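Trainee: I have a structure open and some questions about it. Can we go through them?
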Amino acid sequence: MKGKTIVTLLALVILMSGTLLGCASPAPMAPPGEVPIVSDYPDLKPVADFVGEENLSVLHLLGFKASERAISKLGFERGDPNILALTDAGYIAEIGDYTTEKALDGIMMTAGTSRGRGNLVNVHKPYNSPLWFAFFDKKSKDCVYLEADSRVIEDYLNREKTDRDTALTDFMELKDNEIFTRVTKENIDADKLLNNPEAWQEKMVAKVFGGNEFSLFTISNLWAMGLPNDFLKVAELHDHICPGLTSGYLIAEYVKENLPTPDPRNEYTVIAIPPWCKDDALIQIFETNVGHKRLYVKHLTKEQMGQLPEDAKNVANIFIRWPEGAEKGDGIVVAFDWDKAYEGSGTSPKDLKSFDTYKWWWVRLKMDIWMMDYLDKPEELISTIKTFTVNSEELENLKAAGVNPLVELGIMP
Ligand SMILES: [Zn+2]
């Protein structure tokens, strides 16, 4: 209390002496503990107002600086709905021991993109992934990518702990090339990429977006086509959009219709056999995670795949629904029609693993776009191979290690 009174008195004396010396309009004093940084950088006001100026961190300023740079490079105004921001900040990428979620508020309040507006995408990366930001313009299809220099950010975060005011002021004075290791702008229009894949392949090899090229051009182009928000959440977990993931979204839509339950997280048992990208969509949409013991994953060897009969060669998942208090569960085995997807999109499965050429991403992007027309008609690509019922003992057996549930259900020999 005593210290606080002295500080207040001191502030009063300084203020009065300023007036006595004839200052026409003395600059407003920042209350103790607050940084007067907004008076130097008025554009920081939205983020400072949102988080409270006394809580401003280097990470907010980083989100601010990335957004400001994108605004000038793409030429948009705060809140433009044609802009999509993508970042791994806060999910789960870290800088040293620091989590990075504060950068999200810096972007939201500076670029005006948000979760609620459906134009702030948080891409899942591991904890030690570089921290990056990307901004995509739906009209021009230009994309600006910025990758933060972890060492610099960590240094300022350390300084912020002991002397926040100077750390923030000094950070604001840094030039972009002192904060970001990479700032690139590329046109990622899907039509252009598909029509001239060799040219884009050179940029893929050069990692113009730090290795995040496939994530960024698939999510951005499909968002521009009107991707529903639940699909956007699926893409966030999976990190990119590929036909495999879309097949999972379609399976979920199909199962909602054909094996509905009011409580998927407790009433479904899902067996992924074989697993592929689709299963991330199912986890997200039904909350049937491995950790909830709602998803069991079973690999099929090449030999086992070869033993699948023709009508089951595209087998994807087994769903069992067990209503609360029921004596038995009922289930379906579903398949995704890969043949139709390749044929319809004008692609070939032989290109899928052509990782030395443009073909691997070309085939995926082409299928992604073609499949967008099927999001609301899953039955055109998803089918039921078999329906069945099980008692609790049989269900335990289907999930068990060492058991092939497709053999148990009489689908394969
Ligand atoms: Zn995938």
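Predicted model: local features only at pLDDT ≥ 70, side-chain atom pairs only at ≥ 80, totals over all residues.
Trainee: How many helices and strands does the protein chain have?
Mentor: There are 20 helices and 12 strands. These are DSSP runs numbered from the N terminus, with helices being H or I of at least four residues and strands E of at least two.
Trainee: How do α4 and α5 pack?
Mentor: Helix α4 (residues 58–74) packs on helix α5 (residues 102–111) at about 40°, and their axes are 7 Å apart. Axes are lines fitted to C-alpha atoms, for helices over the stretch in contact, and angles run from 0 to 180 degrees between N-to-C directions. That angle makes α4 oblique to α5; under 35 degrees is roughly parallel, over 145 roughly antiparallel, 65 to 115 roughly perpendicular, and the rest oblique.
Trainee: New topic. Where is T301?
Mentor: T301 sits in the loop between β9 (295–297) and α16 (302–307).
Trainee: Is T301 buried or exposed?
Mentor: T301 is exposed, because 9 other C-beta atoms lie within 10 Å. The cut-offs are 20 or more for buried, 12 or fewer for exposed and partly exposed in between, with C-beta atoms placed from the backbone.
Trainee: And how far is T301 from P274?
Mentor: C-alpha to C-alpha, they are 9.0 Å apart in space, and 27 residues apart in sequence.
Trainee: What share of the protein chain is buried?
Mentor: Buried residues are 38% of the 413 residues.

Technical notes
Residues numbered from 1 in each chain as written.
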